[in-house]
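Open the model in your viewer and keep the selection tool at hand. The stops below go from one selection to the next.

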Amino acid sequence: MKINWDDPEAKVSRHFTVRDAIWLPQWNRYAVEADELDGHAKLALERIFDRLDLVRDLLGVPLVVHCAFRPLKYNQLVRGSATSAHVARMWQGGHIAAVDFSPQGMSCDAARALIEPELAPINIRMENLPGSDWIHIDNRPHGPSGRYFAP
């Protein structure tokens, strides 16, 4: 699918838009090429939002995206991990990205309980954050801590 990254309403997947993928709330603007939004980042975002479509279908409710792509400087501003998958890029031979979201009309704990058994089939990881009001998923390869990991 050819995506118009200059149009905030353009679809990056069945359910999600460019705005969902590249809005930077702390900077009150969209990411641009100068923010490391290159072809690798865009491909990584397309892949994570395709997986987020599957999560939305699984939960059966709309999802509110809080943050997906983060340029390096933005990631530092919000005190993200130095190895954050939100800094969408090519990594270890694959395109990785992350998205933080909350389901409408459902607690995040209830949503995580439904998502957890589907982590491997959807090929994502998810942070184990009981009681939080958001959910983090990414498509980084899982390591010894598994697909459902502590922050």
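Begin by selecting Phe-16 and Phe-49, which are both buried. Keep in mind throughout that this is a predicted model. Three aromatic pairs are counted in the structure. Phe-16 and Phe-49 form one of them, a tilted pair with 5.6 Å from centre to centre and 50 degrees between the planes. Phe-16 belongs to the segment before helix H1 (18-22) and Phe-49 to helix H2, so this pair ties together parts that are 33 residues apart in sequence.

Next, select Trp-27 and Tyr-74. Their rings make an edge-to-face aromatic pair, 5.1 Å centre to centre, with 90 degrees between the planes. Trp-27 is in the loop between strand S1 (23-24) and strand S2 (29-30), while Tyr-74 is in helix H3 (residues 72-77), so the pair ties together parts 47 residues apart in sequence. Which of the classes, buried, partly exposed or exposed, does Trp-27 fall into? Its relative accessibility is 29%, so Trp-27 counts as partly exposed. Tyr-74, with a relative accessible area of 2%, is buried.

Two stops show an arginine over a ring. Select Arg-19 and Trp-23: Arg-19 lies over the face of Trp-23, at 4.7 Å from the ring centre. Then select Arg-125 and Phe-149, where the charged end of Arg-125 sits over the ring of Phe-149, 3.9 Å from its centre.

Now turn to the helices. Select H2 (residues 39-59) together with H4 (residues 108-115). These two helices pack at an angle of about 105 degrees, and their axes are 10 Å apart. An angle from 65 to 115 degrees counts as roughly perpendicular, so H2 is roughly perpendicular to H4. To see where they meet, highlight Val-55, Leu-58 and Leu-59 on H2 and Ala-111, Leu-114 and Ile-115 on H4, which make the contact. By class, the contact of H2 with H4 has six nonpolar residues, no polar ones and no charged ones.

The last stop is Met-1, located in the segment before H1. Is Met-1 buried or exposed? At 64% relative accessibility, Met-1 counts as exposed. Leaving aside residues up to four places away in sequence, Met-1 touches Lys-11, Val-12, Ser-13 and Glu-46. For a distance to check in the viewer, pick the C-alpha atoms of Met-1 and Lys-11: these residues are ten apart along the chain, and the two atoms are separated by 9.2 Å.

How values were computed: Residues are numbered from 1 along each chain as its sequence is written. This is a predicted model: local features need pLDDT of at least 70, side-chain atom pairs count only at pLDDT 80 or more; totals for chains, interfaces and linings use all residues. Side-chain values use heavy atoms; hydrogens and water are left out. Axes are lines fitted to C-alpha atoms, for helices over the stretch in contact, and angles run from 0 to 180 degrees between N-to-C directions. Helices (H or I, at least four residues) and strands (E, at least two) are DSSP runs, numbered from the N terminus. Angles under 35 degrees count as roughly parallel, over 145 as roughly antiparallel, 65 to 115 as roughly perpendicular and the rest as oblique. Contact means heavy atoms within 4.5 Å. Ala, Val, Leu, Ile, Met, Phe, Trp, Tyr, Cys and Pro count as nonpolar, Asp, Glu, Lys and Arg as charged, and the others, Gly among them, as polar. Rings of Phe, Tyr and Trp (its six-membered ring) pair if their centres lie within 6.5 Å; planes under 30 degrees apart count as stacked, over 60 as edge-to-face and the rest as tilted. Buried means under 20% relative accessible area, exposed over 50%, partly exposed in between (1.4 Å probe, protein chains only). A charge sits over a ring if NZ of Lys or CZ of Arg is within 6 Å of the ring centre and within 35 degrees of the ring normal.
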